[in-house]
Amino acid sequence: MAQDAAGAVGARVSPQVDSLIRAAQRGDQEAFEQLVRAYDQSVLRLAMNLLRSPEDARDVYQEAFLRVYRNLQTFRFDCSFHTWLYRIVTNICLDQLRKRKVRKEESAVVETTDGPIDRMETFEEEGAAGDPERAMWNRELKGRIESALEELTPRERMVFELRHYQGLRLRNIGEMLGTTEEAAKNCLFRATQKMRGVLGDFV
Amino acid sequence: MSCDSVSKLIPLYYYGELTPEEEDRLDQHLHECADCTAAVERQRALAAALDRRQVEAPPLLLDECRADLMAAISSGAAHAEKPAKGPWTLFLEAMGVTFMGFGRMRQPIGALALVVLGVLLGRLSGTIPGLSPASTLPSDNVISNVRSVKAESDGRVQVSFDEIRRREISGRADDPDIRKFILAGSRGDNPAVRVESVGLLKSQTDFPQAVDALLNSIVGDPVDSVRMEAMEALKPLAGDPKVTKVLSQVLLTDANPRVRMQAIDLMATHRDDSVVGVFQSLMQREDDSVVRLKASKVLKDWNASIGTF
C-alpha cells in the first residue's frame, strides 16, 4: 500500500498539507477531501488492526473525520496535523477498546477488490502448503498471539500498535495520548513483557 | 550495566528508542553477555511473529468509508444539525411509511421501509466543543444516548452523544443509490433489516459488491437466519469458485448444524475435487451425525471415498 502523508510522522506539516488545511478551514470542500485522502489509509489501517472488524473500523473512520470536519477551525498549527488527527482517532479507538466485549463471532472475512479473503486462512497457510504440522503450529501461534494481545490494557494495546505496526516514535505517541514519552516507554515495556509471557516458548 | 537493567531496555533497544549513550552501553554489555544477546534475539522473534498478524485495510473498505463520509458531509450531517422532531416521532413516522399502502404494495414498500429504517436511524456521534448545550440541544428528548461526559482542564465539559436523524429516499431495488443503502442495510445493526437487505440482494448477484456483501454476511453475520438467507441468495452462483471457497469455510467453521447442512446442499450441486476434499475434511471433524450423514451421502453419490488416506 502506498505510504500516505501520515508517513511523515512527527514532522511539521508539509507546505502542501499546510495549504490544504488552510483552504479546508476556509470551507473548500475539495481541499478537505484531499486532506482526508492524505491521511485516511493509515487511520483505517490503525482501526482495522486494533479492532479487527471492518464494521468497527468504518465507524471509527466516519466518526474521526466528521470530528475533524467539525473542529478543523480550532486547529492552530501548534502541533503537526498528524498528531492532532491521531489524538482524535486514538481517543475514539480507546473508547471502543474499553467498551467492547470481545466478540468471539467476529468476522474473519475482509472485503477486498477480489472479494472476501479469510485472514486466518492466509495466516495458517503461510509457508504451510502441504505441511500439516506447520499449519497446526501456525494456527496455535495465531491463537497465542490473539490471547497475548487480549492480555494488554487498551492503553498498552494502543502504544504497542502505534509503535510496532504504525512505526511512530514514542515521543509522538506520548503526545497523541496526552502523556509523556517516559510513560509511553513504560507502556511499551509492559506490553512486551506480557506478550512474551503468553507466547512463551513459541518465539 | 546489570542483566536486570538491560532486560528492561531490550524492547526499547529493538525499537530504536534508546538514547545513543544508552545504546552504546547496551551494545557493550551484549558483546560480553550471551544471555542478554539471546534475549534480544527473542525480542526479534516476538516482533517477527507479531508482524504476521498485521492486516491492511482493504481498498474496497477505504472507498466505502470515503463515500460514506462525503455523503454525510454533503447531506449536512457533519454539522450536527438540530433535528426538528424527537426519536419517537421519527420512529412512528417511519413505521407510518412502512405500513402506508401496505395492502396495495406489501412487499416492495415493506422491504424498502425496512431498509430506510436501518439506514435512516444511522448513528451519528460526535462532540461539539465550543457550543453551549442550550444553544444546540432542543428541549425535548432528542438526545438518545450520552456516550461520555468529560471535564476539561479549563473548566469546560465535553459531551459526546448520539443523535438520531432521518432522511428518506425511494427507488427501484436495482437503482445504484438504493443498492448502496441496501448494501449498508445488509451490514447494519438491526437483524431484521439485514435479512430484508440480503433478500433484496438476491436479484442483484450480477453486481460484484452485492456478491461480496452476501459472502460477508454468510461468514460474518452473527444471526443464523441472515447467514442462511444470504446462502439462499447465492444459490444461482453455487458453482462459482469464490462462493465455493466461502461455503467451504462455513462448512468447516459455522457453529450451527442447519447452516452447515445448507452449505452442503449448495456445494453438492457442483462437483469438483476441492469440494470433495472439503467434504472429506468435514467427515474427520464433524460432530453432528445428521451433517455427517448428509456429507457422506454426497461423497457416496460422487463415488468418492469418505476419508483421506
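This is a predicted model: local features need pLDDT of at least 70, side-chain atom pairs count only at pLDDT 80 or more; totals for chains, interfaces and linings use all residues.
Let me begin with chain A. Its secondary structure consists of nine helices and two strands. Read from the N terminus, the order of elements is α-α-α-α-β-β-α-α-α-α-α. Chain A has 203 residues, and 41% of them are buried. If we take the contacts in chain A between residues at least 6 apart in sequence, 60% link residues at least 24 apart.

Chain B may be described in the like terms. Here there are 15 helices and three strands. The chain has 309 residues, of which 30% count as buried. For contacts in chain B with a separation of 6 or more, 59% are between residues 24 or more positions apart.

I turn now to the nonpolar cores. The largest one holds 55 residues, and the members that touch the most others are A:Leu44, A:Ala47 and A:Val89. Which helix gives the most to this core? Helix H2 of chain A, residues 29-51, does so, with twelve residues. Apart from this core there is another, of 35 residues, which include B:Val211, B:Val226, B:Met228 and B:Leu299.

Beyond its neighbours within four places in sequence, A:Ala47 contacts A:Asp56, A:Ala57, A:Val60, A:Tyr61 and A:Cys93.

That brings me to the helix pair. Two packed helices are described by the distance between their axes and the angle between them. For helix H3 of chain A, residues 54-71, and H4(A), the axes come within 9 Å and cross at roughly 140°. H3(A) is therefore oblique to H4(A), as angles count as roughly antiparallel when over 145 degrees. The crossing of H3(A) past H4(A) is right-handed.

Which residues meet between these two helices? From H3(A) they are A:Asp56, A:Val60, A:Glu63, A:Ala64, A:Arg67 and A:Val68. From H4(A) they are A:Leu85, A:Ile88, A:Val89, A:Ile92, A:Cys93 and A:Gln96. Sorted by class, this contact comprises eight nonpolar, three charged and one polar residue.

Let me close with A:Lys99. This residue lies in helix H4 of chain A, which spans residues 81-99. Is A:Lys99 buried or exposed? A:Lys99 counts as exposed, because it has 10 C-beta neighbours inside 10 Å, and the cut-off for exposed is 12 or fewer. The C-alpha atom of A:Lys99 is 10.0 Å from that of A:Pro154, a residue 55 positions away along the chain.

Conventions:
Residues are numbered from 1 along each chain as its sequence is written. Chains are lettered from A and ligands numbered from 1 in the order in which they are written. Helices (H or I, at least four residues) and strands (E, at least two) are DSSP runs, numbered from the N terminus. A residue is buried if 20 or more other C-beta atoms lie within 10 Å of its own, exposed if 12 or fewer, and partly exposed in between; C-beta atoms are placed from the backbone. Two residues are in contact if their C-beta atoms, placed from the backbone, lie within 7 Å. A nonpolar core is a set of buried Ala, Val, Leu, Ile, Met, Phe, Trp, Tyr and Cys residues joined through C-beta atoms within 7 Å. Axes are lines fitted to C-alpha atoms, for helices over the stretch in contact, and angles run from 0 to 180 degrees between N-to-C directions. Angles under 35 degrees count as roughly parallel, over 145 as roughly antiparallel, 65 to 115 as roughly perpendicular and the rest as oblique. A crossing is left-handed if the near helix is turned anticlockwise from the far one by less than a right angle, and right-handed if clockwise. Ala, Val, Leu, Ile, Met, Phe, Trp, Tyr, Cys and Pro count as nonpolar, Asp, Glu, Lys and Arg as charged, and the others, Gly among them, as polar.
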